[in-house]
Amino acid sequence: MSHAAIGNPADPYMLGHGSHDASRHGDPHNVGHGGESDAPGHGAGGPAPKRIIVGYGFWIFLLSDIIMFSAFFAAYAVLRDATDGGPTGRELFDLPFVAVETALLLLSSFFCGMAGLAMAQKNHLWFQLMMAVTFVFGAGFLAMEIYEFHHLVESGAGPSRSAFLSAFFALVGCHGVHVAGGSLWLLTMMAQIFVKGFNQNMERRFLCFSLFWHALDIIWVAVFSIVYLMGAGA
């Protein structure tokens, strides 16, 4: 083969070889040549869907919240016997009352799950109804907790009475603040979906809300077991 033939740009072998060299040197990711690309933003190497990003970020928030509650639980465990001669949990806690309180919150979580099923079926009426029931049970839980706090303070067992009561009010009160914030979030979700319908953004927001609400249930089960049951039996 002559040098002219080798250098002929029309030679099919040279075209393929030149394309290979270009993809290796001038175009390392073979963009525009029909090949697979590993570059960020192309194909499998691109950014994750927004649903994944939002879910991942919200799980980080939940884990940070659980770490905060773990610190409150640790403080309560250390201070549970530091009553300074004041009343103990066995003298203060009314287990039947707290059991009803717990049932209300667990039922609210159940109806929150029912709202998720209604959203999956694109049923606006049942979604709004289940969310309304969730709010009613959550509000009932908050009302009972506020009554309990008021009764303790009126009987002289406020948070300044002893280190034990300070830790108790801090832990249980922090959970109550989360439930109150979640209730406001719930009402906001109802209004947004009533106006905007079941679009992808609303579905992502409801997913985050339901994770938050169920997490509050899990934390409350720990509060009921460690603070109330163990405290009343001490």
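Is K122 buried, exposed or partly exposed? I opened the notebook with this residue, in a model that is predicted. I found K122 at 44% relative accessibility, so K122 counts as partly exposed. The two cut-offs that I needed were under 20% for buried and over 50% for exposed.

**Entry 1**

I placed K122 in the loop between α5 and α6. Its position is just after α5. I then looked up the backbone and noted a positive phi of about 55°, although K122 is not a glycine. I recorded the background to this: most residues other than glycine have a negative phi.

Just after α7, G197 has a positive phi of about 80°.

**Entry 1: the whole chain**

I counted the secondary structure next. The protein has eight helices and zero strands, and I read the pattern along the sequence as α-α-α-α-α-α-α-α. Of its 234 residues, 37% count as buried.

Residues 24 or more positions apart account for 77% of them.

**Entry 2: helix α5**

I followed helix α5 over residues 95-120. Its 26 residues reach 38 Å from the first C-alpha to the last, close to the 38 Å expected at 1.5 Å a residue.

Which residues of α5 are buried? I listed V98, E101, T102, L104, L105, S108, S109, F111, C112, A115, A118 and M119. These buried residues pack against α6 (124-154), α7 and α8 (200-233). For reading such a list I kept one rule in mind: an α-helix has 3.6 residues a turn, so residues three or four places apart point the same way.

S108 counts as buried because its relative accessibility is 0%. Leaving aside neighbours within four places in sequence, I found S108 in contact with T134, F137, G138 and W213.

I moved to D94, which lies in the loop between α4 (89-92) and α5. With a relative accessible area of 42%, D94 is partly exposed. How many residues separate D94 and A232 in sequence? I noted 138 residues, while in space the two are 8.1 Å apart, C-alpha to C-alpha.

**Entry 3: helix α7**

At 1.5 Å a residue, its 34 residues should span 50 Å. The end C-alpha atoms are 49 Å apart, which agrees.

**Entry 4: the annotated spans**

I consulted the UniProt record, an unreviewed entry, for the annotation "transmembrane region". According to that record, the annotation covers residues 56-77, 97-118, 125-144, 164-187 and 207-231.

I compared two of these spans with the model. Residues 56-77 are 100% helix and 0% strand, and the end C-alpha atoms lie 31 Å apart. Residues 207-231 are also 100% helix and 0% strand, with end C-alpha atoms 35 Å apart.

**Entry 5: a surface patch**

Which residues form a nonpolar patch on the surface? I found W59, L63 and I66, with about 310 Å² of accessible area together. I located L63 in helix α3 (residues 50-79). L63 has 49% relative accessibility and therefore counts as partly exposed.

Key:
Residues are numbered from 1 along each chain as its sequence is written. This is a predicted model: local features need pLDDT of at least 70, side-chain atom pairs count only at pLDDT 80 or more; totals for chains, interfaces and linings use all residues. Side-chain values use heavy atoms; hydrogens and water are left out. Patches are made of residues with over 30% relative accessible area and no salt bridge: like charges are joined within 9 Å, nonpolar side chains (Val, Leu, Ile, Met, Phe, Trp, Tyr) within 5 Å. Accessible areas come from the Shrake-Rupley method with a 1.4 Å probe; for residues, only the protein chains shown count as cover. A salt bridge is a side-chain nitrogen of Lys or Arg within 4 Å of a carboxyl oxygen of Asp or Glu. Helices (H or I, at least four residues) and strands (E, at least two) are DSSP runs, numbered from the N terminus. Buried means under 20% relative accessible area, exposed over 50%, partly exposed in between (1.4 Å probe, protein chains only). The expected span of a helix is 1.5 Å times one less than its number of residues. UniProt positions are given in the numbering used here, feature names are shortened, and annotations may be inferred rather than shown by experiment. Contact means heavy atoms within 4.5 Å.
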